[in-house]
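Open the model in your viewer and keep the sequence panel beside it. The stops below say what to select and what is there.

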Amino acid sequence: MNIFSPLNTRWLPGAASGTILAGLLVVLWPESGGAVVLASSLASLPLILRGLDIAAREHALSPAGLLARGALLRPANLISLARLGLGVLVGVSGGLYSLSGGAGLGPLAAVLAILVCLSFIMDGFDGLAARLEVRQAMKNTGEKATGTGLSPTELVARRAVGAWLDMETDSLLFFLYALLLVVLTPVPPVFLAVGLFRYVFGLLYSLPPWKLQVRPWFSWTAKTIAAVVQVCLCLLFLLEAGLVVSSPRWLWLACVYLPLGLLGFSFATEGILRLHGFSALGTSGHLAGLLHSFVVYQCIPGRQARLRRLSSIFMKPGDLAIDVGAHLGNRVRAWRSMGVRVVAVEPQRSCAAVLANWFGTDPGVTLYPGALGATPGELELRVSRAHPTLSSVSGDWVDRRSRHRDFCG
């Protein structure tokens with residue numbers, strides 16, 4: 001799924017905004033805690049299902065087909081959905097208990113603590129099932145060998161959705177369990193940041209849409225940190241439920257504050273890596289020009305919708321379009337959302353790098369980092385650093401435009 005996936009541009013900002021608002025309500029008005037826990041828990045399941053629906057449409061699958069094939073036929077996805085159900089059950093139970101006037105985890109303590117630990121233990125089986133499936137898929141080729149009746153394209157879509165479902169389930173459980181601890185136990189409100197890290201940074205990273213090229217060492221570090229946070233959450237529930245006796249004070253403090261430090265380090269490192277990748281595109285002046293183009297072509301409300309309406313006169317899903325001078329891909333984005341396959345031609349190195357970052361993994365987009373002409377050969381590209389969209393291989397055009405008062409400088 002590319003950087004302009006509806007999951008990133010519509011689902012994530014909406015989900016993140018709602019989650020952050022719920023966290024702020026608990027911090028600012030603690031008396032609303034039980035109601036927020038209950039509402040967040042009840043809203044989480046349809047929210048995830050809505051995300052699956054968006055993912056299905058993005059991959060040209062029916063929502064029912066995706067849920068039946070992508071979510072129900074995959075053992076890993078079945079485990080993710082079961083974990084999600086456990087999280088909702090824990091949140092609803094804790095929210096109702098809090099609304100009834102209960103203080104602390106109360107008589108639900110042992111049950112809730114066991115369910116929390118079980119949900120994170122299942123995370124390990126989730127990953128194991130996914131790895132086994134990948135190994136089996138590498139051995140089998142073709143539609144019949146999979147034993148599911150799915151085409152290779154559908155299998156790719158199903159696995160992409162499965163990875164998203166696993167990540168969002170993890171994030172949601174972090175939030176619900178952190179929220180429950182803050183509302184029902186003496187755990188300080190700052191611990192709620194553990195559940196909000198993913199959504200705050202996800203919303204922040206969706207504003208400058210630069211896709212992180214994950215490095216092996218960072219992937220290992222991020223996964224290790226997530227595992228440590230899961231252990232800390234489980235320990236906190238066991239401690240607050242009284243299932244771990246004679247525990248030292250430092251253990252409780254470590255379970256509260258260690259996740260904050262580790263998650264802060266992980267997301268800050270990711271931000272630095274994103275900025276480093278973006279800064280490699282050129283000088284500060286050229287980056288400012290790229291940013292200006294991005295705002296003009298991608299961020300003006302309604303511009304993408306108008307482009308889709310115009311394009312629908314000439315194109316239909318499955319057609320092939322060629323975008324000559326793709327620049328930052330505003331037409332590529334619009335056409336892909338219509339189900340049109342695209343060949344994007346762009347000679348500027350920085351713009352071609354941006355297109356590769358955004359659309360390089362999209363099988364419906366073919367990128368050509370060069371110019372088109374009547375015969376093979378090479379031409380000099382006149383690059384406008386401040387306004388990259390005005391770059392051209394036509395020296396006469398550049399000279400004429402540079403003398404025009406509207407293009408001064």
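Begin by selecting arginine 331, which is partly exposed at a relative accessible area of 25%. Here buried means under 20% relative accessible area, exposed means over 50%, and partly exposed lies in between, with a 1.4 Å probe and protein chains only. This is a predicted model, in which local features need pLDDT of at least 70 and side-chain atom pairs count only at pLDDT 80 or more, while totals for chains, interfaces and linings use all residues. Residues are numbered from 1 along each chain as its sequence is written, and side-chain values use heavy atoms, with hydrogens and water left out.

Arginine 331 and aspartate 323 form a salt bridge, with their closest N and O atoms 2.8 Å apart. A salt bridge is a side-chain nitrogen of Lys or Arg within 4 Å of a carboxyl oxygen of Asp or Glu. Aspartate 323 is buried, at a relative accessible area of 2%.

Next, select aspartate 362 and arginine 336. Their salt bridge has its closest N and O atoms 2.9 Å apart. Aspartate 362 sits in the loop between helix H13 (349-359) and strand S3 (365-368), and arginine 336 in helix H12 (residues 330-337), so the pair ties together parts that are 26 residues apart in sequence. Helices (H or I, at least four residues) and strands (E, at least two) are DSSP runs, numbered from the N terminus. Aspartate 362 is buried, with a relative accessible area of 10%, whereas arginine 336 is partly exposed at 23% relative accessibility.

Move to arginine 83 and aspartate 126. Their side chains meet in a salt bridge of 3.7 Å, N to O. Arginine 83 belongs to helix H4 (residues 75-99) and aspartate 126 to helix H5 (residues 109-139), so this pair ties together parts that are 43 residues apart in sequence. Are these two residues buried or exposed? Both arginine 83 and aspartate 126 are buried.

For the next stop, show the surface and select Arg10, Arg306, Arg308 and Arg309, which form a positive surface patch. Patches are made of residues with over 30% relative accessible area and no salt bridge, and like charges are joined within 9 Å. Lys and Arg count as positive, and the place of an Arg charge is taken as CZ. Which helix gives the most to the positive patch? Helix H11 (residues 303-311) does, with three residues. Arginine 306 is found in helix H11 and is partly exposed, at 45% relative accessibility.

Then select serine 206, in helix H7 (residues 192-206). Serine 206 is partly exposed, at 26% relative accessibility. Leaving aside residues up to four places away in sequence, serine 206 touches Asn8 and Pro13; contact means heavy atoms within 4.5 Å. Isoleucine 3 is 203 residues from serine 206 in sequence, and their C-alpha atoms are 8.5 Å apart in space.

Finally, display the whole chain. Its secondary structure comes to 14 helices and three strands. Of the 409 residues in the chain, 44% are buried. Among contacts between residues at least 6 apart in sequence, 69% join residues at least 24 apart. The accessible surface of the chain, from the Shrake-Rupley method with a 1.4 Å probe, comes to about 20700 Å², of which 66% belongs to carbon and sulfur atoms.

Definitions and conventions. Patch = residues over 30% accessible without salt bridge, like charges linked within 9 Å, V, L, I, M, F, W, Y side chains within 5 Å.
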